[in-house]
Amino acid sequence: RSEKMSEGNDEPMETEPSDRPAGCQESEDLEEDKDRFEVELEFVQCLANPFYLNFLAQHGYFKDKSFINYLKYLQYWKRPEYAKYIRYPHCLHFLDLLQHEAFRKELVNVGCAKFIDDQILLQWQYNAHKRIESQQKAPPFKRVAKASGADLTQSGDKQQQQQQQQ
């Protein structure tokens, strides 16, 4: 038998597993798993925001052992089958850093959060500049091939080989 809290009452009420159809219980479990997945995904991605980390630090979350254990539990998001759902991959780096007490203590300072935020912005700018630079240096037929999805590099190589043979 399982126990549930009855509405408006702090005493548990007993329910028989046979009270509900088996398919109903299974769909409820799937829905709960989906909800937990979405909540944990959203929370892990929030860790990409240094000002949110600063908020957590200032409100004492990083002093709570159960919260630290929760951060350890969330390490499973680094596995490829879960990481593929993450839009802000640097959140996984912060999840690693949050395993260290020294990092958690530094996050209390707004200046630390601001510095981290500045570094993230600089990294994005650098990557954008490098991406544009590499696209400009690529030969025109390779840029067209990438944009269209066609493999023009092979046909270009074949044309070169034919010209060399003549």
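On a 1 Å grid over the protein atoms alone, a pocket is an open set of points with protein on both sides within 12 Å along at least five of seven lines, and its lining residues have an atom within 4 Å of a point. A volume is the space filled by probe spheres set on the points, which are joined across faces, edges and corners. With that in hand, we can walk through this structure together.

First, a word on the model. It is a predicted model, where local features need pLDDT of at least 70 and side-chain atom pairs count only at pLDDT 80 or more, while totals for chains, interfaces and linings use all residues. Residues are numbered from 1 along each chain as its sequence is written, and side-chain values use heavy atoms, with hydrogens and water left out.

Let us begin with the overall plan. The protein has nine helices and two strands; these are DSSP runs numbered from the N terminus, with helices (H or I) of at least four residues and strands (E) of at least two. Reading along the sequence gives the pattern β-β-α-α-α-α-α-α-α-α-α. Of the 166 residues in the protein, 22% are buried, where buried means under 20% relative accessible area, exposed means over 50%, and partly exposed lies in between (1.4 Å probe, protein chains only).

Now look inside. In soluble globular proteins, nonpolar side chains tend to be buried together. A nonpolar core is a set of buried Ala, Val, Leu, Ile, Met, Phe, Trp, Tyr and Cys residues joined through side-chain atoms within 4.5 Å. The largest such core here has 26 residues, and the members that touch the most others are Leu47, Phe62, Leu71, Leu74, Trp77, Leu98 and Leu107. Helix 1 (22-46), helix 2 (50-58), helix 3, helix 5 and helix 7 each give two or more residues to this core, and helix 5 provides the largest share, four residues.

The largest pocket has a volume of about 240 Å³. Among the residues that line the largest pocket are Phe62, Lys63, Asp64, Arg104 and Val108. Helix 3 (65-73) and helix 6 (101-106) are the elements that give two or more residues to this lining. The lining of the largest pocket divides into four nonpolar, one polar and seven charged residues; here Ala, Val, Leu, Ile, Met, Phe, Trp, Tyr, Cys and Pro count as nonpolar, Asp, Glu, Lys and Arg as charged, and the others, Gly among them, as polar.

The second largest pocket has a volume of about 200 Å³. Its lining includes His90, His93, Phe103 and Trp124. Two or more lining residues come from helix 5 (90-97) and from helix 7 (110-137), and helix 7 gives the most, with five residues. By class, this lining has seven nonpolar, four polar and no charged residues.

Rings of Phe, Tyr and Trp (its six-membered ring) pair if their centres lie within 6.5 Å; planes under 30 degrees apart count as stacked, over 60 as edge-to-face and the rest as tilted. The structure holds 14 aromatic pairs. In one of them, the ring centres of Tyr76 and Tyr82 are 4.8 Å apart and the planes stand at 80 degrees, so this pair is edge-to-face. Tyr76 is buried at 14% relative accessible area, whereas Tyr82 is partly exposed at 25%.

Finally, the cysteines. A disulfide is a pair of cysteine sulfur atoms within 2.5 Å, and a search of the whole structure finds zero. For Cys91, the nearest cysteine sulfur is that of Cys46, 9.3 Å away. Cys91 is buried, with 0% relative accessibility, and Cys112 is buried at 19%. Cys46 lies in helix 1 and is partly exposed at 30%. The C-alpha atoms of Cys46 and Tyr88 are 8.9 Å apart, although 42 residues separate them along the chain.

Notes:
On a 1 Å grid over the protein atoms alone, a cavity is a set of points where a 1.4 Å probe fits but cannot get out, and a pocket is an open set with protein on both sides within 12 Å along at least five of seven lines; lining residues have an atom within 4 Å of a point.
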